[in-house]
Amino acid sequence: MTDPSTPRPGQADPGVLAEGVSAVLRHLVLLLRRTTAGQPVTTQQYAVLGSLEQGPRRMTELAEEHAVQLPTMTVQINRLEDAGLVARGADPADARVRTVELTGEGRDRLLAVRRARIARLGQDLAALTEKERATLAAALPVLAKLGRT
């Protein structure tokens with residue numbers, strides 16, 4: 001049996017690596033989604049809340065970031081607003097522009113979900129060997145770089 005941490009021929013090929021990274025990320029995303037299953041807010045709505053964490057954003061920015069059309073983002077924001085998790089405002093530089101920001105309840109809900117996900121990942125990481133955790137820690141900067149491209 002081969003050690004999965006030992007590079008195999010072709011493993012560094014971008015296409016092969018992309019397939020592997022895609023499969024692993026899919027499983028991790030599903031794991032995190034299961035952590036908050038049954039909540040009244042969808043995972044997509046939690047992602048929108050996360051996009052608002054640093055402050056108010058324009059609706060068009062949110063739609064672009066989440067790769068959806070503006071009407072789709074408007075529906076998401078309407079639901080979040082009805083739940084008291086976001087509030088609409090006006091851009092101080094241009095009163096015609098509508099912005100969206102987290103409410104206190106929205107920030108609290110986002111942090112609770114994040115804590116639950118981190119706790120779940122922490123349990124799973126604790127089951128890894130020290131060497132496996134070190135390997136993962138070493139890969140984090142590379143994964144972060146991929147996320148910024």
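Visitor: How many residues lie between β2 and β3 in their hairpin?

Guide: Two residues separate β2 and β3 in the hairpin. This is a predicted model, where local features need pLDDT of at least 70 and side-chain atom pairs count only at pLDDT 80 or more, while totals for chains, interfaces and linings use all residues. Residues are numbered from 1 along each chain as its sequence is written, and side-chain values use heavy atoms, with hydrogens and water left out.

Visitor: And how do I read the pairing of strands?

Guide: Strands of a sheet pair through backbone hydrogen bonds, either parallel or antiparallel. Here strands (DSSP runs of E, at least two residues; helices are runs of H or I, at least four, and both are numbered from the N terminus) count as paired if DSSP finds at least two bridges between them. β2 and β3 are joined in the antiparallel sense by six bridges, with Asp91 opposite Asp94 in β3.

Visitor: What is the strand order in the open sheet?

Guide: The order is β1-β3-β2, with antiparallel pairing. β1 (57-58) and β2 (86-91) each have a single partner strand, so one side of each is left without a neighbour in the sheet. Two antiparallel bridges link β1 to β3 (residues 94-102): Arg57 faces Val100, and Arg58 has Thr99 as its bridge partner.

Visitor: Now the helices, please. Which numbers matter?

Guide: Two packed helices are described by the angle between their axes and the distance between the axes. Axes are lines fitted to C-alpha atoms, for helices over the stretch in contact, and angles run from 0 to 180 degrees between N-to-C directions. For α2 (residues 43-51) and α4 (residues 70-82), the axes come within 11 Å and cross at roughly 85 degrees. That makes α2 roughly perpendicular to α4 (65 to 115 degrees; under 35 is roughly parallel, over 145 roughly antiparallel, the rest oblique).

Visitor: Which residues of α2 and α4 meet?

Guide: Gln44, Gln45, Val48 and Leu49 of α2 meet Met73, Gln76, Ile77, Arg79 and Leu80 of α4, where contact means heavy atoms within 4.5 Å.

Visitor: At what angle do α2 and α5 pack?

Guide: α2 and α5 (residues 104-126) pack at about 115 degrees, with axes 10 Å apart. The contact involves Thr43, Tyr46, Leu49 and Gly50 of α2 with Gly106, Arg109, Leu110, Val113 and Arg117 of α5.

Visitor: Where does α4 lie relative to the strands?

Guide: α4 lies across β2 and β3, running at about 120 degrees to β2.
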